[in-house]
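Visitor: I would like to go through this entry term by term. Please set each value against its definition.

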Amino acid sequence: MFFDPIYIIAVLIPTLAITGWATWRVKSTYGKWSKVDSGINVDAFDFARRLLDRQGLQQVSIEPTPGQLTDHYDPRGKVLRVSTQVADASALTTSGVTSSAPRLSVAAAAVIAHEVGHAVQDASGDTSMKLRQAIVPAAQFGSTIAPWLVIAGLIFQITGLAIIGLIGFGAAVIFTFATLPVEIGASGKALAFVDGVGMAGEKATGARDVLKAAAWTYVAGALTALITFLYYVFLVFGRRD
């Protein structure tokens, strides 16, 4: 498959371009606003706790998690995890912001507010989040095993097996698109949260830019999954050699 000119031109190059652009945008945007003080005199974990408590979500715990922008809310364990990168406020110091009190960057505030948005969605029984969670088992199968079923079906000329793989991968594609309204909804809540803690003007604009950049990573994921799915459809039904 990797030596197929159609795959290289129609799948590999477009997906690399789309994901590369989305990754660059989120990293550059986060990097820019991680150097701008939000004016919130608490660290990342205290800020998350403050936002959760304001929403009546005292039952949601907060944990650190390693990595860069690996922040996420776990609806099964009711845990909000803050990444090492977001918890680290050293970029403020290097940009000239010095204070004896804890500080929080605009970028970190936006990311944390977004994850609190997910916690609110979970607590309120948000329909889009419920739908996404219901698709998770099929999506996991579709993203891990299904592509191999497609390839095996093509190699051994077992069309039925390839179609099963195609259906499974289709579930993974549906999951990526079902994720979009969940993420957009959480970002909308996040903007309300940061406005409620006094982030206005340039700071509010920065938070919005960070959230928009993050949203593009999900759009990129959905587009690349769709492109790959269409290529599999072409392999299964479009070729006659």
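Guide: Helices H6 and H7 are oblique to each other.

Visitor: Why are H6 and H7 called oblique?

Guide: Helix H6 (residues 127–144) and helix H7 (residues 146–155) pack at an angle of about 45 degrees, and their axes are 3 Å apart. Angles under 35 degrees count as roughly parallel, over 145 as roughly antiparallel, 65 to 115 as roughly perpendicular, and the rest as oblique. The pair is therefore oblique. The axes are lines fitted to C-alpha atoms, for helices over the stretch in contact, with angles from 0 to 180 degrees between N-to-C directions.

Visitor: Which residues make the contact between H6 and H7?

Guide: H6 contributes Phe141, Gly142, Ser143 and Thr144, and H7 contributes Ala146, Pro147, Trp148 and Leu149. Contact means heavy atoms within 4.5 Å.

Visitor: What kind of model is this?

Guide: It is a predicted model, in which local features need pLDDT of at least 70 and side-chain atom pairs count only at pLDDT 80 or more, while totals for chains, interfaces and linings use all residues. Residues are numbered from 1 along each chain as its sequence is written, and side-chain values use heavy atoms, with hydrogens and water left out.

Visitor: How many helices and strands does the protein chain have?

Guide: There are nine helices and five strands, in the order α-β-α-β-β-β-α-α-β-α-α-α-α-α from the N terminus. Both are DSSP runs numbered from the N terminus: helices are H or I with at least four residues, strands are E with at least two.

Visitor: What makes leucine 69 partly exposed?

Guide: Its relative accessible area is 30%. Buried means under 20%, exposed over 50%, and partly exposed in between, with a 1.4 Å probe and protein chains only. Leucine 69 is therefore partly exposed. This residue sits in the loop between strand E2 (61–65) and strand E3 (72–74), and has a positive phi of about 55 degrees without being a glycine.

Visitor: Is lysine 78 buried, exposed or partly exposed?

Guide: Lysine 78 has a relative accessible area of 32%, so the residue is partly exposed. Across the protein chain, buried residues make up 42% of the 241 residues.
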